[in-house]
Amino acid sequence: MNRSSKIFRYVSRRLIQGIPIILAIVVLNFFLLNLAEGDAVDVLAGEAGSATPEYMEEMRKKFGLDKPLPVQLAVYLKNVIQLDLGYSFRHDMQVTELIIDRFWPTLILMVSTILLAVGFGILLGLFAAINLNTWKDSVVSVFALITYATPLFWVGLMMIILFSIKNDWFPTSGMENSAMFYEGFERVKDIAHHLVLPTITLSLFYLALYTRMMRASMLEQYGQDYVITARAKGVTERRITFVHVLRNALLPVVTMAGVQVGALIGGSVIVESVFAWPGLGMLAFESLFARDLNLLLGIFLLSSALVVAVNLVVDVIYCFLDPRIEVN
Amino acid sequence: MTDKLLTISNLDIALPEGSERRLAVENLSIDLSPGETLCIVGESGSGKSLTARALMGLLPAPHVRATKGKVLFCGEDLTQASEPRMRQIRGSEISMIFQEPMTALNPVMTIGGQIDEVFRFHADMPPRERRKRAIQLLEDVHLPDPKQIVAAYPHELSGGQRQRAMIAMALALEPKILIADEPTTALDVTTQAQILKLINEMQDVHKSGVLFITHDFGVVADIADRVVVMQYGKVVETGTVDKVLNAPEHSYTQALIASVPSLIPRAPRPRSEHIVLSGKDVQKSFGGGKSLFGFGKPNRHVRAVKDVTLDLRRGETLGVVGESGSGKSTLARCIIRLMDSDSGSILLDDVDITSLGRSEMRPFRKRIQMVFQDPFASLNPRIKVGQIISQGPMIQGEARESAEARARELLEIVGLDERAFNRYPHEFSGGQRQRIGIARALALDPEILVADEPVSALDVSIQAQILELLDEIREKMNLSMMFITHDLRVAAQVCDRLAVMRYGEIVETGATGDIFNNPQHSYTQELLAAVPGQNWDRKLAT
């Protein structure tokens with residue numbers, strides 16, 4: 001069997017295996033969220049200020065919250081299998097619609113963050129390793145150390161103060177200037193402009209991490225026997241670095257990046273709050289306080305599906321980078 | 001002087017400050033002619049590998065560098081050559097093969113790609129021509145199906161095949177000098193014989209000078225024209241192979257050659273009637289599990305030990321010999337129950353220990369002890385030597401005072417100073433650590449000692465001492481020993497009986513002398529025929 005059909009079979013099998021995993025996560029989340037005190041009706045009634053117990057009972061009946069938990073779970077699972085994530089009473093919208101609406105901003109933020117963090121992390125790590133023990137290496141290492149140790153929200157706030165308030169270079173919040181009704185390329189430019197600060201904030205920490213990893217990984221690979229073999233062949237140092245060492249050194253970094261996509265969704269809650277970025281993180285944060293469990297479960301479902309998918313993508317990338325890893 | 005390929009004169013190589021000695025190599029002078037094989041022999045730390053690196057200009061600069069002397073290659077002093085000039089020479093005029101074919105190739109590049117680099121940097125050739133040459137080279141080193149191997153990654157090849165690919169790469173541009181740094185040490189004996197033959201064959205074709213670095217006198221006897229013996233960075237003796245091996249002058253050379261175990265088996269001893277340990281139909285396999293949720297094919301299933309039946313009598317040493325992957329270590333681990341066998345029985349004085357539970361097994365543990373191969377990894381680095389030795393008896397219920405007193409006594413028996421008691425393992429050399437490992441095993445007064453390649457990681461002179469020590473202890477304590485080794489020379493000197501293993505099965509058992517003189521199974525014959533230096537042994541015997 002050739003390699004591409006092997007990979008195709010592997011991917012389809014992994015996708016099938018992903019279904020029970022995601023369902024298990026749904027069940028677990030369902031019970032975890034129901035451990036919290038109060039429900040959506042409590043919150044709605046509290047906000048309305050004057051709700052009689054009878055009215056609240058009626059609302060619970062309407063939302064289906066009066067039934068025992070296992071029944072609620074069964075109903076929810078049945079709906080999920082039919083790709084119906086339910087209705088958010090808080091927002092008066094279909095959960096699916098709401099999530100998809102908010103998914104794109106988060107996806108934009110995440111993809112640009114990963115590209116920035118992994119891309120620059122690899123470049124900086126490589127740069128530091130090539131210039132080992134010189135001032136260049138020290139500058140990179142100190143930069144990585146400082147950004148690694150700085151909390152995300154603080155970086156975000158400082159960025160706003162420095163680049164939005166003191167110097168009016170970037171907007172303080174939001175994803176686009178909706179009052180301008182930009183179309184086409186103008187809109188892309190506007191979103192990109194808004195994207196700069198949140199992306200930098202969110203990626204700094206990961207950038208530091210990948211820089212350090214890449215540097216260590218390069219140095220480890222330089223010590224391997226095959227480097228001496230390459231030197232003994234008369235290969236130039238340049239080629240040794242960029243062809244022999246680099247590819248081997250990338251392997252642990254790619255693994256780490258894949259594992260961290262999940263953590264990135266968590267990190268985006270903070271950044272989305274600081275920059276009022278209309279993404280899933282913000283939505284999750286709000287729905288938690290509104291006890292909008294349908295919506296929250298929907299967001300969790302999407303995130304877990306995302307993590308499963310990203311892990312699969314990383315595994316496939318990995319087997320292209322490292323011929324020793326075989327898919328089967 | 002132009003007929004010499006290489007003349008090294010008065011070479012000094014300095015080690016970084018604070019090292020054990022100031023110079024790794026001191027006042028070294030050697031030369032090499034076309035078509036000649038010069039063997040540099042020495043124990044670990046003698047500076048033989050650094051010498052090779054020095055003439056390739058591959059010393060780990062800036063800490064280690066050549067401080068004095070000349071390396072003349074066809075009249076050009078390589079110590080003065082510029083880096084670009086050195087790069088030109090490396091791979092095209094002087095090339096090198098290494099000890100570990102596992103790690104010396106880049107794991108993420110194809111064999112073809114790695115051979116291709118040599119042409120790419122030294123010859124002006126279109127890609128198609130380069131590929132054709134690469135395939136031709138792989139064919140020259142007798143690799144099967146070169147067209148496929150050119151596109152294969154190193155992990156898809158066996159150790160011997162990788163070393164062949166390395167040789168193909170080194171010989172790509174018909175270098176004047178081939179440096180081989182212990183190229184067969186990591187290989188099995190039959191593979192080693194093939195690789196040595198290949199190097200010889202290639203040398204005949206290309207008329208290159210071969211600088212062969214090794215610690216194995218058997219190999220030296222088979223391939224060398226001239227021999228250089230090194231000790232502590234200095235050349236102690238140089239001469240033709242015949243002179244150095246058969247009439248060594250320097251006391252160090254004499255001692256080294258005396259410690260090489262002879263292939264003539266030692267005299268047989270009477271065999272006791274008392275069977276202390278017997279294994280019957282022992283089986284062990286690995287893998288075969290299924291993936292999560294039971295999807296897909298089951299994992300690869302390896303039968304490491306197949307229906308092994310053997311017995312060990314009081315006071316005898318049973319050698320288990322075989323190449324890597326033959327299942328000898330797995331068998332040993334099953335016998336002392338570090339691993340549970342799948343089926344079969346292991347009787348220790350009529351008690352089947354395979355079915356005993358953890359606590360039931362405990363009293364039997366002390367009767368059968370193990371000495372491990374790697375003296376560096378098998379001792380806990382955070383525990384003092386005294387504790388390492390006395391822990392076993394204390395777990396078995398002995399009082400601390402008596403266990404520690406016994407530990408001191410044992411240190412003396414294995415030839416270590418009593419002060420070793422309060423030191424940590426890292427303060428000792430490999431040979432000394434193996435002595436500690438033996439003392440640890442003896443602390444429990446075992447009846448049976450299972451030694452898994454106890455001398456493979458040691459230099460030949462240390463190896464001789466450890467073998468002598470094991471022999472002495474066996475006599476003194478009337479031990480029965482199961483001795484696992486891949487080295488037939490060691491087996492000939494240590495074992496009363498041999499069991500030859502291949503693919504998890506014992507193909508032949510018998511008294512050592514019978515097996516050496518009249519091997520029955522074709523694999524045993526093959527194994528014996530591959531031992532290097534046989535003619536030399538025969539010569540010494542007459």
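This is a short walk through chain B of the model, stop by stop, with what to select at each one.

Before you click anything: the model is predicted, so local features need pLDDT of at least 70 and side-chain atom pairs count only at pLDDT 80 or more, while totals for chains, interfaces and linings use all residues. Residues are numbered from 1 along each chain as its sequence is written, and chains are lettered from A and ligands numbered from 1 in the order in which they are written.

**Stop 1: the whole of chain B.** Show chain B as a cartoon. You get 20 helices and 20 strands; these are DSSP runs numbered from the N terminus, with helices being H or I of at least four residues and strands E of at least two. The C-alpha trace spans about 70 × 60 × 50 Å along its principal axes. For 542 residues a compact globule would come out near 24 Å in radius of gyration, and chain B agrees at 26 Å (taken over C-alpha atoms; the globule rule is 2.2 Å times the number of residues to the power 0.38). Buried residues account for 46% of the chain, where buried is 20 or more other C-beta atoms within 10 Å of the residue's own, exposed is 12 or fewer, partly exposed is in between, and C-beta atoms are placed from the backbone.

Stop 2: Strands S1(B) (6-14) and S4(B) (65-73) pair antiparallel over seven bridges; pairing takes at least two DSSP bridges between the strands. Zoom in on Ala14(B), and you will find Arg65(B) of S4(B) opposite. S4(B) also runs antiparallel to S5(B) (76-77), joined by two bridges, with Leu72(B) partnered by Asp77(B). In the hairpin between S4(B) and S5(B), check Cys74(B): its phi is positive, near 50°.

**Stop 3: the six-stranded sheet.** Select the strands in the order S6-S7-S8-S3-S9-S10 of chain B, an open sheet with mixed pairing. S6(B) and S10(B) (234-240) are the edges, each pairing on one side only. On average, neighbouring strands are turned by 15° against each other, direction ignored. Inside the sheet, S3(B) (37-41) and S8(B) (209-214) run parallel with five bridges, and Cys39(B) sits opposite Phe212(B).

**Stop 4: the side facing chain A.** Bring chain A back. The contact takes 27 residues from chain B and 21 from chain A, with contact meaning C-beta atoms, placed from the backbone, within 7 Å. On the chain B side, H2(B) (83-89), S6(B) (94-97) and H3(B) (111-122) are the elements that give two or more residues. Which of them gives the most? H3(B) does, with four residues.

Stop 5: Go to Ile484(B) in S18(B) (480-485). Why does Ile484(B) count as buried? Because 26 other C-beta atoms lie within 10 Å. Asp452(B) is 32 residues away along the chain, but its C-alpha atom is 4.8 Å from that of Ile484(B). Ile484(B) also touches Lys328(B), Ser329(B) and Ala332(B), among others. Finish at Arg337(B), which follows H11(B) and has a positive phi near 60°.

Conventions:
Two residues are in contact if their C-beta atoms, placed from the backbone, lie within 7 Å. Axes are lines fitted to C-alpha atoms, for helices over the stretch in contact, and angles run from 0 to 180 degrees between N-to-C directions. Lists of a residue's contacts leave out its neighbours within four places in sequence.
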